[in-house]
Amino acid sequence: MRLGFFFREALGSLRRNWVMSLAAVLTVLISMAILGLVLVLNKNINSGATSLENRVMIEVFIKKGTGPEETKTMEDKIAAMSEVKNYKYISEEQALKEFEKRIGENSEQLLANLTTNPLPASFRIYVKDAADVDKVAKRFFDDPIVDNSAPGKTDGVSYAKETVRKMLGTISLVTKAMWGATGLFAVAGILLIMTTVRLSIFARRNEIEIMRLVGATNWFIRWPFMLEGFITGFIGAVIAAVAIWGVNYVVFDWIEGSSLRFLTVEVYPVWFQSGVWPLGLLPTLVLFGALLGALGSAIAMRRYLRV
């Protein structure tokens with residue numbers, strides 16, 4: 001069978017140039033390991049970001065003496081905002097009860113000295129996307145029933161403005177850096193595979209010339225080299241996938257059994273997952289690793305194999 005012949009030729013070439021083949025495998029392994037790390041981190045960063053975004057709250061304090069009609073008007077205004085996921089009205093009495101729970105045992109002594117409830121009513125607003133928190137908050141800055149301490153101030157609208165900005169900026173920076181590193185190592189992998197295949201072509205130049213003289217087609221000559229690159233990428237990708245999944249599982253298991261359970265860590269699925277990209281870690285890395293190897297071989301042959 002021709003397929004068997006192609007595989008024997010490819011494996012023989014890998015054995016003859018085992019040093020370069022090993023270097024190519026290691027480079028593909030590193031590039032695919034980084035890609036796997038990006039996928040795992042991206043999944044966990046998105047999960048953590050979603051968890052943090054769900055806690056991003058805008059609290060709008062209402063002036064004392066505000067009537068129910070004005071409060072209802074503000075509630076309708078909040079409900080009509082497309083960026084708002086949900087909201088909750090906290091009355092003055094509820095605010096005082098929450099305050100009592102927070103200060104605990106000393107609440108009775110402290111509250112006994114109060115003649116009136118100093119805490120205002122408020123709306124607690126949660127946005128769908130943390131990036132919209134500034135835009136939504138600004139809509140309440142000049143509202144006449146918001147309890148600002150003085151004209152022109154906005155302390156009646158409370159939210160973690162700088163925290164949200166830093167969180168979104170950090171997530172974006174980490175993601176871009178990881179994708180950049182993946183791209184660099186992918187290029188290094190292609191170059192090393194090209195070099196390996198080029199050495200194979202040089203070592204077998206006489207054999208290739210004889211094959212051409214006896215009428216071998218271009219693709220008959222190309223296939224062993226394509227398979228050589230494919231096998232190199234496949235081996236590196238499989239090792240990378242197993243290693244990354246193992247590390248992901250160990251970290252997940254360690255956090256689940258420790259006091260750090262407040263951290264949300266997910267194990268990236270091995271085979272399949274839901275979403276736009278349905279493939280799990282192993283098929284994803286094997287697919288990209290094998291394509292990386294085949295691409296390196298194709299480029300090397302196009303440039304150096306004159307057929």
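A: Helices (H or I, at least four residues) and strands (E, at least two) are DSSP runs, numbered from the N terminus. This is a predicted model, in which local features need pLDDT of at least 70 and side-chain atom pairs count only at pLDDT 80 or more, while totals for chains, interfaces and linings use all residues. Residues are numbered from 1 along each chain as its sequence is written, and side-chain values use heavy atoms, with hydrogens and water left out.

Now to your cavity (on a 1 Å grid over the protein atoms alone, a set of points where a 1.4 Å probe fits but cannot get out; lining residues have an atom within 4 Å of a point). The structure holds 1 cavity of 30 Å³ or more.

Helix 2 has the largest share, with 4 residues. Sorted by class, the lining of the largest cavity has 5 nonpolar, 2 polar and no charged residues (Ala, Val, Leu, Ile, Met, Phe, Trp, Tyr, Cys and Pro count as nonpolar, Asp, Glu, Lys and Arg as charged, the others, Gly among them, as polar).

Four strands form an open sheet in the order 2-3-1-4, with antiparallel pairing (two strands pair if DSSP finds at least two bridges between them). Strand 2 (84-90) and strand 4 (157-158) are at the edges with a single partner strand each, so one side of each has no neighbour in the sheet.

Strand 1 (residues 57-61) pairs with strand 4 in the antiparallel sense over 2 bridges. Here Val60 is opposite Val157, and Glu59 has Ser158 as its bridge partner. Strand 1 also pairs with strand 3 (residues 122-127), again in the antiparallel sense, over 5 bridges. One place to look is Phe61, whose bridge partner in strand 3 is Ser122.

The structure holds 8 salt bridges (a side-chain nitrogen of Lys or Arg within 4 Å of a carboxyl oxygen of Asp or Glu). In one of them, the side chains of Lys72 and Asp76 meet at 2.8 Å, N to O. Lys72 and Asp76 are about one helical turn apart, because they are 4 residues apart in helix 3 (residues 68-79).

Technical notes. On a 1 Å grid over the protein atoms alone, a cavity is a set of points where a 1.4 Å probe fits but cannot get out, and a pocket is an open set with protein on both sides within 12 Å along at least five of seven lines; lining residues have an atom within 4 Å of a point. Grid points are joined across faces, edges and corners, and a volume is the space filled by probe spheres set on the points.
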